[in-house]
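Open the structure in your viewer and keep the selection tool ready.

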Amino acid sequence: MDERRDFALTQMRNSVHKLGSSAEGYKDPTLLRFLVAQSMDPDKAAKMFFQWQKWRASLVPNGFISESEVVDELETRKVFLQGLSQDKYPVMLIRTNKHFPAEDQNQFKKFVVYLLDKAIASAFKGREIGNEKLIGVIDLQSISYRNIDARGLITGFQFLQAYYPDRLAKCYILHMPWFFVSVWKVISRFLEKATLEKIVIVSNEDERKKFIREVGEEVLPEEYGGRAKLVAIQDVQLTPMENGTTN
């Protein structure tokens with residue numbers, strides 16, 4: 001298996017070079033995520049990696065999104081970063097009743113990048129390995145029709161699929177109201193099978209207990225069955241990486 005993996009990584013690096021780019025500076029765990037997303041096909045993984053490089057250079061030219069670029073989205077304090085789960089994945093929680101569809105779509109896209117980058121970076125232990133994952137928790141409690149943003153959710157999941165391959169460990173959806181079911185069916189059409197398999201709609205007591213057990217009481221806020229307090233993502237301070245940079 002290791003020989004097959006190593007061969008696929010070598011082929012992928014060669015394919016990236018043929019596309020006019022380079023995978024130099026990227027370690028195997030990073031490239032392997034793209035291979036996993038493309039069923040270990042080196043050419044498809046190389047194209048995905050190449051598109052990711054172009055997208056990153058265009059939307060995130062400085063290598064990170066600063067808080068000053070997403071002020072409007074941050075001021076609602078609707079996203080929280082709760083520490084590491086039982087499996088050592090960062091837990092990002094979104095309270096959708098504080099969200100309203102964005103008027104500035106470019107800022108919203110940058111906000112999604114800010115959230116994903118910071119959540120993933122919170123799992124770094126001094127240095128990025130490249131295979132870090134995250135857990136998402138989407139809380140739909142007390143939402144109204146004004147909070148529904150199918151476009152925003154589709155954007156978030158499509159960014160994960162196209163530009164953060166194999167970064168999502170699991171996504172839990174809590175308190176889905178009856179009127180959101182039809183919206184979710186529409187959103188689901190835009191999601192890949194691999195993504196849908198990682199999404200859990202918590203709808204009964206047994207599933208709630210399993211959710212608490214898998215995420216961990218130490219990081220879940222009290223209102224979700226845990227012992228922690230909510231921590232807004234902008235209030236989380238990251239430890240600088242050993243090479244002097246962090247997202």
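**Stop 1: T30**

Select T30, which is buried, with a relative accessible area of 9%; buried means under 20% relative accessible area, exposed over 50%, and partly exposed in between, with a 1.4 Å probe and protein chains only. The model is predicted: local features need pLDDT of at least 70, side-chain atom pairs count only at pLDDT 80 or more, and totals for chains, interfaces and linings use all residues. Residues are numbered from 1 along each chain as its sequence is written, and side-chain values use heavy atoms, with hydrogens and water left out.

T30 belongs to helix 2 (residues 28-37). Helices (H or I, at least four residues) and strands (E, at least two) are DSSP runs, numbered from the N terminus. Now show I129 and G130: T30 is in contact with both, leaving aside its neighbours within four places in sequence. Contact means heavy atoms within 4.5 Å.

**Stop 2: V16**

Move to V16 in helix 1 (residues 2-18). V16 is buried, with a relative accessible area of 0%. Not counting residues up to four places away in sequence, V16 touches S21, S22, A23, A46, F49 and Q53. For a distance across the model, pick V16 and W178: they are 46 Å apart in space, C-alpha to C-alpha, and 162 residues apart in sequence.

**Stop 3: helix 3 and helix 5**

Select residues 42-59 (helix 3) and 105-121 (helix 5), whose axes come within 12 Å and cross at roughly 115 degrees. Axes are lines fitted to C-alpha atoms, for helices over the stretch in contact, and angles run from 0 to 180 degrees between N-to-C directions. That angle makes helix 3 roughly perpendicular to helix 5; 65 to 115 degrees counts as roughly perpendicular, under 35 as roughly parallel, over 145 as roughly antiparallel, and the rest as oblique.

Which residues make the contact? Helix 3 brings W55, R56 and L59, and helix 5 brings N106, K109, K110, V113 and D117.

**Stop 4: the whole chain**

Zoom out and colour by secondary structure: the protein chain has nine helices and five strands. Along the sequence, the pattern reads α-α-α-α-β-β-α-β-α-β-α-α-β-α. The C-alpha atoms fill a box of roughly 50 × 40 × 35 Å, taken along the principal axes. Of the 247 residues, 47% count as buried. Among contacts between residues at least 6 apart in sequence, 74% join residues at least 24 apart.
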